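Hi everyone, thanks for coming.

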Amino acid sequence: MTLFNHIGVDLFAFVPLSLAINLSYKLKLENRNTKYFTHALLMMLQILLCEMLRAYFLFYPTTWSYIISNALLDINNITSVALPYTLLKVSTNLFHDKQTKLLIKLPFIMQFFISIFHFYIRTFPPVDFVSTYYLDHYFFYYALIPFGYYIFFVYLDIKKYFSYENKKQRFPLLLIFGSTLICVILQEMYPNYLITNAGLTSGLLLYMIFFFDLKLDYDLQTGVQNVNAFHADMSEIQLRKKDTTLFIFDVNNLKKMNDSRGHGEGDKLIERSALCIKEVFHFVGNAYRIGGDEFCVLSKYMEAAQAETFIDEFQAYVSQQNEVLEIPLSIAVGYSSTHLFQIRTKDIYKTFSEADENMYQHKKQEKKGRSC
Amino acid sequence: MESAFFIDIISIFSLIFTLTIIHKRSLKDRNKNYLLIAALIVIAQLIIDILMSVVTVQSQFQNNSVFSLLFVMRYPLSSLFLYYLLLFVGVETLQKKVKIFFAIPLIVDILLNIISLKTHWFYYLNTQGFAVRGTWFFLHAGIDFLYACLIPCFTIKSTMRSHILRETVEPLLFFIVPFVAYDINMYQSSVSIFWALIAWSLLFYYLFLIDRQFKFDALTKVRNRTAFDVRMTLLNKSKKSACLIVFDLNNLKQINDQFGHAVGDSRLTIAASVIESVFSPYGVVYRIGGDEFCVIGKDLCDNRLNKLLNDLNSLIAVKNAYLEFAQLSIASGFSWYSKDISAFQGFKMADTAMYQNKMHMKKQQVATI
């Protein structure tokens, strides 16, 4: 067993790490929320460096190497909790609430103090130092908190991305988590090699790519598809001459809400309306967010009566939701159907503007009704 | 067992991930099949690598003819991989005849590899059943090297048009990694991370491609609003001076209403191609709105810009001669920005200049009628 062989996988991990840093630079320019990725990557870099240094001191021991390697381990223990904690910030909006914020932070603080405490108790009663697998018997107790964070992170992510209509991103996500899991298992099987952190690095890069790729087609706030996907699908419909029905939704009072109660409430309003649309039109077709407060559903052709029943069902669902919510939702709907297959000259965007017109009339009617 | 074993396993996962992501984007990349095949070949190579490291440790599998054949397969597969990558990179420029021409070295290589089973030119099997390089191995290496040099050439050719240095250099970095890996393999054949590095650079290359797709407008094939915003923020930080030219298509809405969106789209495409053909030596074209384009260019003087705009107008007149209805007319305005003025202020000035130009054109139109 040579040092090179021992840390070889960690050395290689610098390839995915540098790719990930490059990617995070690109993401940073477009989205501010992704700065957490950069933080996570820097932590990963520190973990890898500390791990390799520690391995060096274990292979070539000097008088100070024992204390130094222990210190390095404790630093790594703190960072390995901080890493999933930062990742949690990327994928969720749990951090609005002050209580949950504290609850999530608590294990992190605990680990921090335990690590410092551990450094002292281990230095004075020295443990024997022969085994090559140098993570000592306290390790599993240590690993519990970061592992818990990871499990929580994975659970939240699966819950979030599995609620998307399109099932195509499930497999890549499972692949990412599966690959890191296999790396942990391999680490248990071959304790002479350092594998886990390299696996985590590659997993982190793949997760970032997943995120990046998803952003091309999805609106990450609401989980429905975005304008790019909408235009792509519209042009496909135009090309294949499919018969379609178009529903357009417009969330009323969004601007008022943003001005009066702040953007947090406005965001919640949008998220809730997206949920309602998804819930009702789930089996009918795909939903898209095509503007700040506008949504669209593309579905197969349906007769006017059928479309009306769907809209009624939708409004009933919204009013049912409104009974529970503090801020009532109000969504204007318009639709239009077209036989593209029979009338070949017809343009799908014309249908779109018809649906838009219907929606505006509905909005006007609603306003009139309220003023009466 | 070597640490390369674990590296190979991690790389296989990353490649399968890449495959699923490529597969997902079905409509937008028509040439993705070449990349898919290339990635599959790399997975095969990685699996062979893993098998090799297992066979080295466990002697009961040694001298097994099935395994030996698998190890021999590495050589033709590497040429095949490079050929498919070449097809993917150069698919826009390669015609069918040229494709067949480029396939000749590949076919020669595969044939020679098959013959080598008997004659031992490229390789022979040692006592443990591993393939060892033979006397004529350099021929195979030469063919691979030929392909490996052609691929960067084609990439440079396709990215030469862009004036942003980052975009030209980045794909080239992707090619340096395999060359370095090849060198490591040459000197120290025990460290077999060559294919693992290839796998990661494939992932990186695909990332580069989708990043480009994200920056470009699908309809007009020029850069889109996102790319424009990023460029503007970067320029604001860098404090360099340059010129901004804003273009606006007149009457696009009328054309859309009167002749349909298909005609409007075609006019947009023509306008983008005209603007790009005139201004591409001097700057980068962006589509920043439905009917608005912007060029961020070098620091050109007033006279030069006016001359270029005249060129543009004459080119539009030439194009209009072919169009029977819905003729093009583009309003334009330009401005500079430097240390004193921010890029956004410069853009605003160019925009107002464009509007003045538009009003002027409208007045002229009324006068002629």
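So, why is strand 5 of chain B largely enclosed by the rest of the structure? Because five of the six residues of this strand, which covers residues 292-297, are buried. A residue is buried if 20 or more other C-beta atoms lie within 10 Å of its own, exposed if 12 or fewer, and partly exposed in between, with C-beta atoms placed from the backbone. Helices (H or I, at least four residues) and strands (E, at least two) are DSSP runs, numbered from the N terminus.

A quick word on what you're looking at. This is a predicted model, where local features need pLDDT of at least 70 and side-chain atom pairs count only at pLDDT 80 or more, while totals for chains, interfaces and linings use all residues. Residues are numbered from 1 along each chain as its sequence is written, and chains are lettered from A and ligands numbered from 1 in the order in which they are written.

Let's stay with strand 5 and look at its partners. Two strands pair if DSSP finds at least two bridges between them. On one hand, strand 3 (residues 242-249) of chain B pairs with strand 5 of chain B in the antiparallel sense, over six bridges. Here Phe247(B) stands opposite Phe293(B), and Leu244(B) is opposite Ile296(B). On the other hand, strand 4 (residues 283-287) of chain B also pairs antiparallel with strand 5 of chain B, over five bridges. In that pairing, Arg287(B) has Phe293(B) as its bridge partner. Strand 4 and strand 5 of chain B are joined by a hairpin of four residues.

Now zoom out to the sheet. Four strands of chain B make an open, antiparallel sheet in the order 4-5-3-6. At the edges sit strand 4 and strand 6 (330-337) of chain B, each pairing on one side only. On average, and ignoring direction, neighbouring strands are turned by 20 degrees against each other. Helix 12 (residues 343-368) of chain B packs on this sheet, touching strand 3 and strand 6, and its direction makes about 150 degrees with that of strand 6 of chain B. For angles like this, axes are lines fitted to C-alpha atoms, for helices over the stretch in contact, and angles run from 0 to 180 degrees between N-to-C directions.

For background, most residues other than glycine have a negative phi. Asn251(B) is partly exposed, with 18 other C-beta atoms within 10 Å.

Next, helix 9 (residues 252-259) and helix 10 (residues 261-279) of chain B pack at about 145 degrees, axes 6 Å apart. Residues making that contact include Phe259(B) from helix 9 and His261(B) from helix 10. Two residues are in contact if their C-beta atoms, placed from the backbone, lie within 7 Å.

How is chain B divided overall? Into domain 1 (3-215) and domain 2 (225-368), with 44 Å between their centres, taken over C-alpha atoms. Those bounds come from an automatic or database domain assignment.

And how do the two chains meet? The contact takes 26 residues from chain B and 32 residues from chain A. On the chain B side, helix 1 (3-24), helix 7 (194-215) and helix 8 (225-238) each supply at least two residues, and helix 1 gives the largest share, 12 residues. That side divides into 17 nonpolar, six polar and three charged residues. Here Ala, Val, Leu, Ile, Met, Phe, Trp, Tyr, Cys and Pro count as nonpolar, Asp, Glu, Lys and Arg as charged, and the others, Gly among them, as polar.

Across that boundary, helix 8 (residues 196-217) of chain A packs with helix 1 of chain B at about 10 degrees, axes 10 Å apart. The two are therefore roughly parallel; angles under 35 degrees count as roughly parallel, over 145 as roughly antiparallel, 65 to 115 as roughly perpendicular and the rest as oblique. Among the residues in contact are Leu206(A) and Phe17(B).

Last stop: Leu200(A), also in helix 8 of chain A. Leu200(A) counts as buried, with 23 C-beta neighbours inside 10 Å. Leaving out residues up to four places away in sequence, Leu200(A) touches Met44(A) and Thr180(A).
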